[in-house]
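Work through the exercises below with the model open. Try each task before reading its solution.

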Amino acid sequence: MAGEGRPRTLFPMCGIVGYVGQKQALEIVVAGLRRLEYRGYDSAGVAVISDGELIVRKKAGKLANLETLLGSDPMPDSTTGIGHTRWATHGGPTDSNAHPHVSENGQVAVIHNGIIENFSELRDELTSAGVTLTSETDTEVVAHLLAAALPESDGDLAEAMRRTCRRLEGAFTLVAVDRRNPDLVVAARRNSPLVVGVGVGENFLASDVAAFVDHTRDALELGQDQVVAMTAASVVITDFAGEVVEATPFHVDWDTAAAEKGGYDLFMLKEIAEQPKAVADSLRGRISKDHRIQLDETHLDEGILRSINKVVVIACGTAAYAGMVAKYAIEHWTRLPVEVELASEFRYRDPIVGPDSLVIAISQSGETMDTLMALRHAKSQGARTLAICNTVGSTIPRESDAVLYTYAGPEIAVASTKAFLTQIIAAYLVGLYLAQVRGTMFEDEIRAVLQDLNDMPSKVDLVLDTTEPVRELARELSGSASVLFLGRHVGYPVALEGALKLKELAYMHAEGFAAGELKHGPIALIEEGVPVVVIVPSPRGRAVLHDKIVSNIQEVRARGALVVAIAEEGDEMIANYADHVIRIPAVPTLMQPLVAIVPLQIFACEMALAKGHDVDQPRNLAKSVTVE
Ligand code: M6R
């Protein structure tokens, strides 16, 4: 059996903060961790250096537990510190497994995001050398290796980090402090996120700019296999061999308020409310005065766009559902076949992609490991790659040939909301651009779709104006054992996304189906009172879709289902078939997902609240999934 006899491995996928400057490091680090807690919340820990001493506090559970510990067992003043919030896929989140991990000689402390794949061999080597390991983690191995590498590096922590990294296999961001170098923080990155925040008389390291945006909006992207040595006054970046390298600077174009709740009780509620703006921002600047799509920023080569013969979307979860929505539009507009593949499956099935394929990787975080690995596979096959991403400086856009950013602003709640809408918008823009370049749509057709897109912020606003009926319904149905979601055409991925929201937030059995598929098996799930949420296509556009879904509603109703119809204003007929009707504005068929998903987000959020769950940080999950 694979892994038999190996110690249990903890594979963290975590939030990391480092600070060196003039201020109280602990305050800055803990505030940064609060911003990064979405990345993992199984345990948290901090280390500071004060008067030549390395002091560590760590605690299982959410950051609040660590804060309580810090209240009862305070740390001394310090201007150098690191902090970690963890998400584990194996093993129990315990105090001893929490980061930072300290070398046996007490000299260095290390925090880590990722997997040290050869940790088992390294661990054996260390134990044979007489080192006693006190946790089950792979990270602790690095702490001991780093301490051992320091003497042979003349006490240079950055050199010791490079030496250590050269021995490591896997994916990692590592950040370390050394009590003998009290004004220095050193970090390394391979296949795992890390950005540097450049301040005045202070510098920052973090998995995500959200951790330091309160202090500086000037940042540096780190490349693969790089080590950064940071003091209050300097940032020096090298590769693992020690060659100094230039980092790419970038400016964070959102501010502190965007990363805070801004008067809302929950990040998710704030992010749902931000959707009209996120959609508008993602369209802004991409449509010229003469109604043409301008995506010059992406550096998409028109010659290549003319030459491709298929589009493949790779993504996970919500992003994959956004890709499924876009498939309907892109195929319709361009007549190019569009495949949507779950990124985690893509490279294992020997996909047919090559120089004639445009592979679009959709990712809010830009760090999802499944999507990154699929992207790399596509590139290795010669495919042209485009990232649709919300996080500037993240790995997926950096490794893609071209990038189209969504401007959703930071999405902190684990459940994606505004990312979904803006991913659809971005993918639609790519589809229309392809149609424009390839001449598969007339100018006035493109113009009409652009007008529809421009109308969407106000349409989404209309949905947000009347949320009480759906919230009331969620509370009423919160005792249900299961909820099914049905859709057709673009309503099908909306049904999948609605079910995903309910699963992850309300911990409830929920499934989305193509409505026509129900009779091929899943209809057996219907029994008296089972809520079935149906995304009803417009009766105006392709009336056949509406007629068919009415038939599907009748099929489930005849078997006792309680039908909740998400239907457009003016579709009066639907009231005859549904127990509840949630109204959305009338929009063209391809635009409907942008309004139809909103009540489903609210439904899931409210149901989770009714059940007393943590909406922003649902159990077992993390925002950014940086393991495969
Ligand atoms: O950051 P990404 O868009 O690559 O994340 C992909 C999925 O993990 C993500 O969409 C996930 O399914 C949602 N957070 C669920 O709400």
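## Domains and ground rules

The protein divides into domain 1 (15–261), domain 2 (270–461) and domain 3 (466–610), with bounds from an automatic or database domain assignment. This is a predicted model, in which local features need pLDDT of at least 70, side-chain atom pairs count only at pLDDT 80 or more, and totals for chains, interfaces and linings use all residues. Residues are numbered from 1 along each chain as its sequence is written, and side-chain values use heavy atoms, with hydrogens and water left out.

## Exercise 1

Task: find how far apart the C-alpha centres of domain 1 and domain 2 lie, and how many residues each gives to the contact.

Solution. Step 1: the two C-alpha centres are 33 Å apart. Step 2: domain 1 gives 18 residues to the contact and domain 2 gives 13 residues. Contact means heavy atoms within 4.5 Å.

## Exercise 2

Task: describe the packing of helix H9 (residues 317–334) against helix H16 (residues 491–506). Helices are DSSP runs (H or I, at least four residues), numbered from the N terminus; strands (E) need at least two.

Solution. Step 1: two packed helices are described by the angle between their axes and the distance between the axes. Axes are lines fitted to C-alpha atoms, for helices over the stretch in contact, and angles run from 0 to 180 degrees between N-to-C directions.

Step 2: H9 and H16 pack at about 170°, with axes 8 Å apart. That makes H9 roughly antiparallel to H16. The cut-offs are under 35 degrees for roughly parallel, over 145 for roughly antiparallel, 65 to 115 for roughly perpendicular, and oblique for the rest.

Step 3: H9 passes H16 in a left-handed crossing. Left-handed means that the near helix is turned anticlockwise from the far one by less than a right angle; right-handed means clockwise.

Step 4: H9 brings Gly317, Thr318, Tyr321, Met324, Val325 and Tyr328 to the contact, and H16 brings Tyr492, Pro493, Leu496, Glu497, Leu500 and Lys501. By class, the contact residues of H9 with H16 are eight nonpolar, two polar and two charged. Ala, Val, Leu, Ile, Met, Phe, Trp, Tyr, Cys and Pro count as nonpolar, Asp, Glu, Lys and Arg as charged, and the others, Gly among them, as polar.

## Exercise 3

Task: are H9 and helix H13 (residues 418–438) roughly parallel or roughly antiparallel?

Solution. Step 1: their axes come within 9 Å and cross at roughly 25°. H9 and H13 are therefore roughly parallel. Step 2: the crossing of H9 and H13 is right-handed. Step 3: residues in the contact include Ala322, Val325 and Trp333 of H9, and Phe420, Tyr428 and Leu432 of H13. The contact of H9 with H13 has 15 nonpolar, four polar and no charged residues.

## Exercise 4

Task: is Glu271 buried or exposed, and which residues does Glu271 touch?

Solution. Step 1: Glu271 sits in helix H6 (residues 267–273). Step 2: Glu271 has a relative accessible area of 0%, so it is buried. Buried means under 20% relative accessible area, exposed over 50%, partly exposed in between (1.4 Å probe, protein chains only). Step 3: leaving out residues up to four places away in sequence, Glu271 touches Pro410, Glu411, Ile412, Ala413, Thr417 and Lys418.

## Exercise 5

Task: locate Ser365 and list its contacts.

Solution. Step 1: Ser365 is in the loop between strand E17 (357–363) and helix H11 (369–380). Step 2: Ser365 counts as buried, at 9% relative accessibility. Step 3: not counting residues up to four places away in sequence, Ser365 touches Cys389, Thr391, Ser394 and Ser624.
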